[in-house]
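Morning, everyone. Let me put the structure up, and then we'll walk through a few parts of it.

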Amino acid sequence: MTEPFHYRGPNLYCEELPAAELAARFGTPLYVYSTAALTGQLKALHEAFAELEPLVCYSVKANSNLGILKLMADQGSGFDIVSVGELHRVRAAGGRLDQTVFAGVGKTDDEIRAALEAGVLMFNVESEAELEAIDAVARALGRLAPIALRVNPDVDPKTHRYITTGKKQSKFGMDIERAERVARTVLAMPGLEMIGLHMHIGSQITSVEPYGDAVAKGVDLIARLRAMGHPIAWFNIGGGFGIAYRGGEARPISDFARVIVPAVRESGCRLAMEPGRVIVGNAGILLSRVIFTKTSGDKAFLIQDAAMNDLIRPALYESFHRIWPVRVPDGLPAPPADFEAAIPGTTPQDVVGPVCETGDFLAKDRPLPPLKRGDLLAIFSAGAYGMVMASNYNTRPRPAEVLVAGRNARLVRRRETYEDLLGPERVALETTV
Ligand code: LLP
């Protein structure tokens with residue numbers, strides 16, 4: 001298969017459409033997603049774990065666009081949600097709520113009630129206090145709430161500290177050593193039925209060993225929970241599979257499957273998982289247009305129209321996104337495989353946005369060819385945790401989003417208008433104190 005995002009001659013394409021044409025038609029900054037990439041990754045997950053007929057619950061938080069959720073639902077995906085807002089999105093997209101798992105450390109009674117009434121597959125429960133709250137709400141409704149205990153297997157996933165979650169000191173889940181004691185208390189809660197074990201050790205994980213260690217601990221615990229009388233039918237291993245942001249650092253999904261499948265088979269449970277980034281991360285790019293170039297001291301700046309409010313990952317995690325011109329100047333290669341190596345014809349430039357913050361950058365000292373006002377840039381691997389983390393800082397309307405399939409491009413979120421931004425505050429002008 002041709003890569004969904006690829007160069008033909010000097011020009012970047014998404015599937016069968018030139019990126020420059022999309023920028024001209026829909027404006028910039030613009031998120032562009034490839035249908036083939038999205039469905040291809042979901043299929044790759046199903047294939048790698050085929051032996052266990054996994055329930056893949058796409059993690060809505062990674063990219064919650066309704067067009068993408070609908071595509072996932074049409075391909076038979078379940079969903080992982082962390083709020084009733086996300087539940088509304090799954091429902092609106094026609095997703096199956098009975099294949100939806102509900103996680104999150106701070107579920108309110110209203111959210112618990114809404115999820116129970118919607119018939120979610122199970123709650124991933126993160127604390128003893130939450131067990132009591134779900135039990136109370138379920139009993140009041142005359143329902144039995146299906147739950148999975150979220151435990152921290154205390155393994156180090158060796159990823160950025162902000163996205164490490166499965167350690168003992170984490171705010172998520174419960175310490176695995178206390179899980180048995182907690183599970184015993186569940187036996188005395190008539191509103192709960194414990195049907196699963198859940199773990200999620202972190203995100204952007206590029207080694208398989210932490211999964212191996214975590215699932216081994218899980219298998220052990222499942223046996224003990226069953227012996228206690230809990231009908232554990234699901235082993236939910238969470239999400240976290242890493243992707244290539246630079247190139248080459250990601251492990252194929254089959255490598256993860258190799259350590260996970262035997263353990264889950266041994267547990268006798270059905271496998272559930274909550275992948276987000278691995279499905280959508282490399283299925284999306286952000287297109288931007290150069291507004292000005294400028295030098296300051298010995299620094300060269302490329303000021304373009306995508307800013308930290310559109311893609312906050314570089315500012316928040318110092319994360320690396322490949323950036324390359326949509327039309328490559330004569331004599332230069334398509335994006336280099338290695339951005340650390342010397343690239344003839346380039347000079348180090350800071351790619352920055354118009355927002356009034358020193359932290360407003362998409363890349364620092366990045367090798368890029370000379371560019372001028374009006375040129376287009378592609379910021380790669382922007383499909384996950386891109387648009388969902390966008391804000392209106394500096395009263396900037398959030399970008400439009402486009403879903404490409406072959407020769408077709410569909411606007412799946414229109415660009416915000418200034419009235420979208422000001423509307424909710426008009427009351428401030430109308431009411432007097
Ligand atoms: N399940 C749970 C319980 C999670 O907390 C997460 C992500 C996932 C599944 C999906 O993980 P994934 O497969 O996408 O790694 N904003 C950060 C990432 C935060 C991840 C939060 N939890 C970033 O931009 O890197």
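Start with Q204. Is Q204 buried or exposed? Q204 has 13% relative accessibility, so it counts as buried. The cut-offs are these: buried is under 20% relative accessible area, exposed is over 50%, and partly exposed lies in between, with a 1.4 Å probe and protein chains only. Q204 sits in the loop between β11 and α8. Its C-alpha is 28 Å from that of T28, and the two are 176 residues apart along the chain.

A word on the source. This is a predicted model, where local features need pLDDT of at least 70, side-chain atom pairs count only at pLDDT 80 or more, and totals for chains, interfaces and linings use all residues. Residues are numbered from 1 along each chain as its sequence is written, and side-chain values use heavy atoms, leaving out hydrogens and water. Helices (H or I, at least four residues) and strands (E, at least two) are DSSP runs, numbered from the N terminus.

Compare I312. I312 is partly exposed, at 21% relative accessible area. Its place is the loop between β15 and α11 (313–317). M389 is 77 residues from I312 in sequence, yet their C-alpha atoms are 6.9 Å apart in space.

Now helix α8, residues 209–227. It has 19 residues. From first C-alpha to last it reaches 28 Å, close to the 27 Å expected at 1.5 Å a residue. That expected span is 1.5 Å times one less than the number of residues. Buried residues of α8 include Y211, V215, L221 and I222. What do the buried residues of α8 pack against? They pack against β9 (145–152), α7 (179–186), β11 (192–198), β12 (234–236) and α9 (253–267). Contact here means heavy atoms within 4.5 Å. Just after α8, G229 takes a positive phi of about 110°.

Take β9 next. Eight of its eight residues are buried, so β9 is largely enclosed by the rest of the structure. A145, I147, L149 and V151 point one way, while P146, A148, R150 and N152 point the other. In a regular strand, side chains alternate between the two faces of the sheet. β9 pairs in parallel with β8 (residues 122–125) over three bridges. Strands count as paired if DSSP finds at least two bridges between them. V125 stands opposite L149 in β9.

On to α9 and its partner α2, residues 35–48. The two helices pack at about 35°, with axes 9 Å apart. Axes are lines fitted to C-alpha atoms, for helices over the stretch in contact, and angles run from 0 to 180 degrees between N-to-C directions. Q41, A44, L45 and A48 of α2 meet I253, S254, A257 and V261 of α9.

Two sheet regions to finish. Three strands form an open antiparallel sheet in the order β1-β2-β3. β1 (5–8) and β3 (17–18) are at the edges with a single partner strand each, so one side of each has no neighbour in the sheet. β2 (residues 11–14) pairs with β3 over two bridges, and C14 has L17 as its bridge partner in β3.

Then β17, residues 347–352. It runs parallel to β15 (residues 299–304), joined by three bridges. L302 is partnered by V351 in β17. β17 also runs antiparallel to β18 (residues 361–368), joined by five bridges. There, P348 has P367 as its bridge partner.
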